[in-house]
Amino acid sequence: MARKDTAQDSENPGRLKQIGLTYKMTRRADRWIGWVISGVGLGTFAVVLGIGFLIGHPIYLGILGFLVALLTTAIVFGRRAERAAFSQMEGQAGAAAAVLENVRRGIVFTPAVAVNKSQDVVHRAVGKCGVVLVGEGNPNRVKGLIAAEKRRMNRVVSDVPVHDVIVGKGEGQVELKKLRSTILKFPRVLAGPRVTEVNDRLRAMGDLMSNMPLPKGPMPKGMRMPKGNAQRRGR
């Protein structure tokens, strides 16, 4: 029991520190975050407590109001923190990869299956909806990369639906903050075992990641791809 209590005590400071860091990060993009979550918390508590006075149970409703206020504040803070994170990641190379890594829910993600020398990149996600190719970079060049990757995949998974998404704010593109929901909305047509089979067949083709380790998340600015791999993928 003593070991368990010690482990829990050591985790709590870490969680509090993480919340503090998240708040600081959010405040850089959303300067009103402190006022917003304070207003939401106090407002929720006041409403529930007021109901308690009206029905003659201020103590019980006061306790309930405190718990509801904490929950409401956490939800609002989480959503605004997520929005702030997306706004800071928007436009950075590799931002889509950072989002795709956290999709989960039956999605198998492979980053940078195609890259050119201009750092336009295509990522691949395989799930019950089939294959999703996600491109980020210059739209015109990314379309060419996606088309080339589709032709390459067609040799081994011609019977599987392939969706393509280009991340951006232009016409026909998907904003970074909507990427996850867009992928999860595609119709589910494959069973679990079939998803594994398709992903294994695609990985057997080989991809850029098997030749070069790339950092997770947004790529550092100024990073250049090896000429051989970049030219082969950019064709």
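Here are some questions and answers about this predicted model.

Visitor: What pattern does the protein follow, read along the sequence?

Guide: Start with the pieces: the protein has 8 helices and 4 strands. Now read them in order, writing α for a helix and β for a strand. You get α-α-α-α-β-β-β-α-β-α-α-α.

Visitor: Is A97 buried or exposed?

Guide: First, find A97 in helix 4, which covers residues 95-100. Its relative accessible area is 6%. The cut-off for buried is under 20%, so A97 counts as buried.

Visitor: Which residues does A97 touch, leaving out those up to four places away in sequence?

Guide: Let's look around A97 a bit. The C-alpha atoms of A97 and P111 are separated by 6.2 Å, though the two sit 14 residues apart along the chain. As for touching, contact takes heavy atoms within 4.5 Å. Setting aside residues up to four places away, A97 touches F109, H123 and E136.

Visitor: How much accessible area does the nonpolar patch with L67 have together?

Guide: L67 belongs to helix 3, residues 58-89. On the surface, L67 forms a nonpolar patch with I59, Y60, I63, F66 and L70. Together they have an accessible area of about 700 Å².

Key. Residues are numbered from 1 along each chain as its sequence is written. This is a predicted model: local features need pLDDT of at least 70, side-chain atom pairs count only at pLDDT 80 or more; totals for chains, interfaces and linings use all residues. Side-chain values use heavy atoms; hydrogens and water are left out. Patches are made of residues with over 30% relative accessible area and no salt bridge: like charges are joined within 9 Å, nonpolar side chains (Val, Leu, Ile, Met, Phe, Trp, Tyr) within 5 Å. Accessible areas come from the Shrake-Rupley method with a 1.4 Å probe; for residues, only the protein chains shown count as cover. A salt bridge is a side-chain nitrogen of Lys or Arg within 4 Å of a carboxyl oxygen of Asp or Glu. Helices (H or I, at least four residues) and strands (E, at least two) are DSSP runs, numbered from the N terminus. Buried means under 20% relative accessible area, exposed over 50%, partly exposed in between (1.4 Å probe, protein chains only).
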